[in-house]
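I opened the notebook to look up how two chains meet.

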Amino acid sequence: FTLSIYLSIYLSIYLSIYLSVCLSDSAGQFFSSGHTNNWAVLVCTSRFWFNYRHVANTLSVYRSVKRLGIPDSHIVLMLADDMACNHRNPKPATVFSHKNMELNVYGDDVEVDYRGYEVTVENFLRVLTGRLPPSTPRSKRLLSDDRSNILIYLTGHGGNGFLKFQDSEEISNVELADAFEQMWQKRRYNELLFIIDTCQGASMYERFYSPNLMALASSQVGEDSLSHQPDLAIGVHLMDRYTFYLLEFLEDIHPASKANMNDLFKVCPKSQCVSTPGHRTDLFLRDPGSVLITDFFGSVRKVEITTEAIDLTDPIKEVEERPANGDVHKEMHSYVDQLPVSEIIHQKPKQKDWHPPDGFILGLWTLILLVFFQTYGVKHLRHIF
Amino acid sequence: MFLSERRRGQLAALSIAAVVIIVGVPLWWRTTETYRAWLPVSQIKELAKLQLQLSADVEVVFARGTVTPEQQKKVPLTQTQEEERAIDGDLIILFLILLIRNTKLESKFFSCHVLFLPEDTALSESPCGSLVVYVIPESSSLLPEDVNVYIGQRRTALLRIGPQMRVGKTLEQLLAHLEPRIKQVLQVMSFSHNDITAALSDRVRFSPDNKESIADSMRAFKSSPGYEITFSLLNPDPKSHRLHWDIEGAVQTYIQPLLTKLSPVANFSIDSQTLYYTMLGVNPRFDTSRSAYTLNADSLAHVINPVEARLGSNAASSNPVLNFLLYVPDAQHSPLYIQGRKKQEVPSNAFHSPRWGGIMVYNVNGFYGSEPEFPVDINIDMAKVMGVFLAQLRLLLGVQSSTPPPGFLVARCGSTGLADWELDRLMWSRSVENVATATTTITSLAQLLDQIGNIVINDNIAQQVSSAVTSLQLAVAELEAGNLGFALQYSKEAILASEKAFFDPSLLHLLYFPDDQKFAIYIPLFLPMCVPILLSLLKIVSEARQRLEC
């Protein structure tokens with residue numbers, strides 16, 4: 001008798017769990033992650049040819065993120081130097097990420113939003129906090145809202161508590177944490193994944209204190225992140241180890257895959273990376289095992305079927321061709337001359353202003369005069385003049 | 001009189017120390033100060049408590065047969081109902097409903113059998129935010145049997161007295177019976193606790209009772225001063241179909257009235273484009289039972305991304321963009337139908353994505369005729385297309401169409417696509433959302449500026465903050481008074497000012513000086529100067545003490 005009671009209780013519990021699973025399944029897509037759009041901010045902070053690998057890192061992550069669905073309008077790509085068109089590049093217009101030149105990550109539809117000297121700490125913080133001057137175009141802004149999942153990837157040279165930008169300035173971990181807090185205050189993100197591939201990268205996420213942040217770094221404090229392999233034809237190292245194995249992992253991800261963050265944490269163990277990758281999930285509200293990789297790296301949209309339609313019965317009004325006053329005349333439009341070509345061709349050479357002689361000529365004559373007066377003495381000048 | 005060497009040295013040390021302390025230190029302090037204009041911090045703290053009071057005017061009209069003439073004289077003219085709710089601890093919102101009882105026994109409207117709503121006559125143009133409820137007797141044949149409440153297109157509702165109030169009841173009992181029912185009508189037509197909580201989702205850790213409201217809050221765009229709408233026609237097969245759509249006329253006739261009605265809420269800008277050779281990116285499956293191609297619900301999520309890369313954007317501002325796509329399948333994959341999750345048919349053949357827009361699939365194989373000669377000229381039926389897009393636009397803008405409670409009959413919205421009371425609902429929730437967001441922005445800005453002492457606060461920022469505070473106070477006052485239009489306007493001004501102040505480019509705190517760096521800067525400057533002075537002062541003091549001893 002008691003057995004049957006236990007059985008019935010067990011069955012009812014099982015059924016209720018099953019029912020709740022069914023109910024949540026229909027709305028499951030909505031409530032599993034809570035985000036409706038994805039953004040990515042990918043930053044390479046180093047200049048100069050020998051930092052080729054940092055640009056290749058960033059471009060490889062850019063490729064993967066685009067492949068998994070995030071459009072260019074939602075990616076802010078900051079590259080501090082142009083490796084593809086660098087004078088020292090033996091294969092111009094390419095950036096390779098694998099030796100033997102297997103994969104050209106530069107391609108022909110790269111959209112770099114901040115290039116060269118525009119990649120500064122100030123611009124990076126302005127992008128994150130949204131404090132850009134009003135004239136900034138849309139493609140250079142991070143227009144996220146409270147339902148955006150943002151992926152932030154930084155790579156370059158770093159140290160204990162700072163990251164070097166362009167070999168001339170640095171951003172500290174406190175500034176980064178404050179920037180994220182300001183983003184949270186203004187609800188500019190729903191969840192944020194922060195990946196950093198630099199030496200002593202774990203120091204950069206030590207100071208975070210805002211909710212819903214997950215961070216991964218390629219090395220712990222006191223360790224260096226190492227590069228992967230040099231290419232003898234190009235002459236520099238092509239990728240860093242952590243990003244190389246991260247990319248290998250991402251190659252297996254497709255937009256419908258169900259891999260979760262725990263798999264991402266296992267990327268590049270110490271045997272492959274030599275440094276110890278670290279991660280931080282204490283500020284993240286969801287369990288990392290339930291967070292899909294495509295929640296950050298891809299852009300899987302939620303969709304709902306439209307069940308209603310409005311019945312419209314009015315016929316279409318004819319759009320008026322002529323305005324009421326009939327006064328509008330068509331203007332003739334023409335292209336503006338970029339350069340006043342006719343004026344340039346027929347220009348007369350400009351009269352150059354006369355300048356007194358300077359520099360070398362002046363010095364030479366002074367020397368000659370000095371020697372002359374030295375030799376002959378002043379009183380003998382009477383004989384000459 | 002000559003001072004001795006030692007005396008002169010002592011005087012020199014003393015005077016240098018005096019100059020350093022009296023002149024030097026204040027000078028250094030003033031020159032290293034950052035300019036910080038004054039902010040109304042106390043008022044901001046007041047506003048941060050966010051005690052909102054929402055009041056709606058409801059006018060109740062009794063029809064003939066509901067109250068006896070004697071009772072009519074005793075009906076009180078006004079009665080207020082208050083309801084206090086605390087949300088998340090520190091927010092208290094009072095719903096204050098002023099019921100102005102009005103016993104106009106106009107019954108000529110209720111004599112015919114046709115549902116002739118008084119709003120069709122120019123009886124009263126109710127100002128926005130207010131309602132008129134007509135109470136009709138139980139035996140009235142105006143409403144169908146099982147319907148107790150009818151909600152019209154304008155701001156009126158018909159309420160049928162329940163069967164227990166048939167005859168011989170006192171006025172108090174009648175009023176007591178009506179109050180909760182009128183409150184229910186108000187919750188559907190104006191605001192309810194769930195709506196207000198959803199509007200405050202920024203401030204509140206949302207733990208709702210029903211999951212529909214999470215989906216609603218995720219689907220609708222956040223309040224913004226403007227929106228950009230783009231209509232795109234996707235033609236993947238121009239060799240087979242030559243499509244003509246009168247988008248300008250359709251927008252003018254069908255969409256513009258809705259947007260004009262919504263103009264107090266936001267500005268809209270519309271543009272349109274046609275894209276050729278843009279495929280959907282998902283392979284549809286051929287369904288032999290319906291002899292048509294189908295896209296099932298799971299693959300719909302992957303349709304949007306490949307298309308989005310091709311959609312240009314005309315937007316020069318930072319306003320959110322809504323995309324509405326009309327996809328005409330190519331001749332090989334016609335007709336194409338969308339299937340729901342349980343493989344059911346979708347009559348509108350359209351789907352939408354929260355905070356992005358909508359896609360509708362328009363099949364044209366019916367236009368081929370007997371012997372089609374490609375390319376076929378096709379005129380798209382814009383009324384049908386715009387009907388679907390209008391419904392999606394309503395959902396995306398936050399005009400909730402949640403199912404009404406049982407016994408309610410809601411009139412279909414007119415050709416504008418938006419009933420007046422739905423507009424009111426939207427305005428209520430937008431006002432509350434704007435006020436809450438502006439308050440949060442200002443409060444966090446004040447906190448930020450307080451914490452970081454290095455940021456310069458310019459005069460223009462202080463002015464923006466002050467004007468935001470003023471607008472917020474006015475908005476809260478107007479919400480209390482029940483003037484919804486003004487409240488929304490002030491709340492929009494408050495949002496604009498607060499966002500401008502928060503996102504001002506000059507507020508970037510770049511300089512973080514850890515204490516050891518500060519010491520490293522000042523010590524080489526001040527130490528070489530201070531050490532001799534300090535030592536001579538110490539010598540003076542020790543000599544003075546020696547002299548005192550001997």
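How many residues of chain B are in contact with chain A? I found that 69 residues of chain B are in contact with 55 residues of chain A, where contact means heavy atoms within 4.5 Å.

I noted that this is a predicted model, in which local features need pLDDT of at least 70, side-chain atom pairs count only at pLDDT 80 or more, and totals for chains, interfaces and linings use all residues. Residues are numbered from 1 along each chain as its sequence is written, chains are lettered from A in the order in which they are written, and side-chain values use heavy atoms, with hydrogens and water left out.

Next I looked up the buried area, which is the accessible area (1.4 Å probe) that two parts lose on being put together, summed over both. Chain B and chain A bury about 5500 Å² between them, and 59% of that is on carbon and sulfur atoms. From chain B, Met218(B), Phe503(B) and Leu508(B) supply 12% of the area this chain buries against chain A, more than any other three residues.

I then turned to charged pairs and found six salt bridges between the two chains, each being a side-chain nitrogen of Lys or Arg within 4 Å of a carboxyl oxygen of Asp or Glu. In one of them Arg219(B) pairs with Glu304(A), and their closest N and O atoms are 2.6 Å apart.
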